[in-house]
Amino acid sequence: MTDRAYLKVFHEACEKAFTEAEFKSPLVDVPYALRHAAVSTWLNAGVPAPQVAEWAGHSVDVLLRVYAKCIHGQEAAAMKRIWDATRS
């Protein structure tokens, strides 16, 4: 299968699966964008990096090198976990 044929099927599937706004977003430009969005979402949801790396087929080193800039908004939760752990 050529990359053109693959992308044609990919975009047709995305048009059916996503809302109009989602379909017009950069999320469906290329298949890798969906993978990147999924991995970023898992990390931002607080899934531990070793688990995300396993699911994504990366080493933890590669995962954090590529996706560290995508992790945000976890500082308060991390500080609470540290606080709770030291109070016990």
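Buried means under 20% relative accessible area, exposed means over 50%, and partly exposed lies in between, with a 1.4 Å probe and protein chains only. This is a predicted model: local features need pLDDT of at least 70, side-chain atom pairs count only at pLDDT 80 or more, and totals for chains, interfaces and linings use all residues. Residues are numbered from 1 along each chain as its sequence is written, and side-chain values use heavy atoms, with hydrogens and water left out.

**Exercise 1. Classify Ala77 by its relative accessibility.**

Step 1. Locate the residue: Ala77 sits in helix H6. Helices here are DSSP runs (H or I, at least four residues), numbered from the N terminus.

Step 2. Apply the cut-offs. Ala77 has 39% relative accessibility, so it counts as partly exposed.

Step 3. The C-alpha atoms of Ala77 and Ala13 are 37 Å apart, and the two residues are separated by 64 residues along the chain.

**Exercise 2. Describe how H3 packs against H4.**

Step 1. H3 and H4 pack at about 160°, with their axes 10 Å apart. Axes are lines fitted to C-alpha atoms, for helices over the stretch in contact, and angles run from 0 to 180 degrees between N-to-C directions.

Step 2. Name the arrangement. Angles under 35 degrees count as roughly parallel, over 145 as roughly antiparallel, 65 to 115 as roughly perpendicular and the rest as oblique. H3 and H4 are therefore roughly antiparallel.

Step 3. List the contact. H3 brings Arg35, Val39, Trp42 and Leu43, while H4 brings Ala49, Val52, Trp55 and Ala56.

Step 4. Sort by class. Ala, Val, Leu, Ile, Met, Phe, Trp, Tyr, Cys and Pro count as nonpolar, Asp, Glu, Lys and Arg as charged, and the others, Gly among them, as polar. The contact of H3 with H4 has seven nonpolar, no polar and one charged residues.

**Exercise 3. Describe how H5 packs against H4 and against H3.**

Step 1. Take H4 with H5. Their axes come within 9 Å and cross at roughly 95°. That makes H4 roughly perpendicular to H5.

Step 2. List this contact. Ala49, Pro50, Val52 and Ala53 of H4 meet Val60, Leu63 and Leu64 of H5. By class, there are seven nonpolar, no polar and no charged residues.

Step 3. Take H3 with H5. The angle is about 100°, and the axes are 11 Å apart. H3 is thus roughly perpendicular to H5.

Step 4. List this contact too. Tyr32, His36, Val39, Ser40 and Leu43 of H3 meet Leu63, Val66 and Tyr67 of H5. Here the classes are six nonpolar, two polar and no charged residues.

**Exercise 4. Find the surroundings of Cys70 and Ser40.**

Step 1. Cys70 is buried, because its relative accessible area is 15%.

Step 2. List its contacts. Leaving aside neighbours within four places in sequence, Cys70 is in contact with His36, Ser40 and Asn44. The C-alpha atoms of Cys70 and Asn44 are separated by 7.8 Å, with the residues 26 apart along the chain.

Step 3. Turn to Ser40. Ser40 is in helix H3. Ser40 is buried, because its relative accessible area is 11%. Not counting residues up to four places away in sequence, Ser40 touches Tyr67 and Cys70.

Conventions. Helices (H or I, at least four residues) and strands (E, at least two) are DSSP runs, numbered from the N terminus. Contact means heavy atoms within 4.5 Å.
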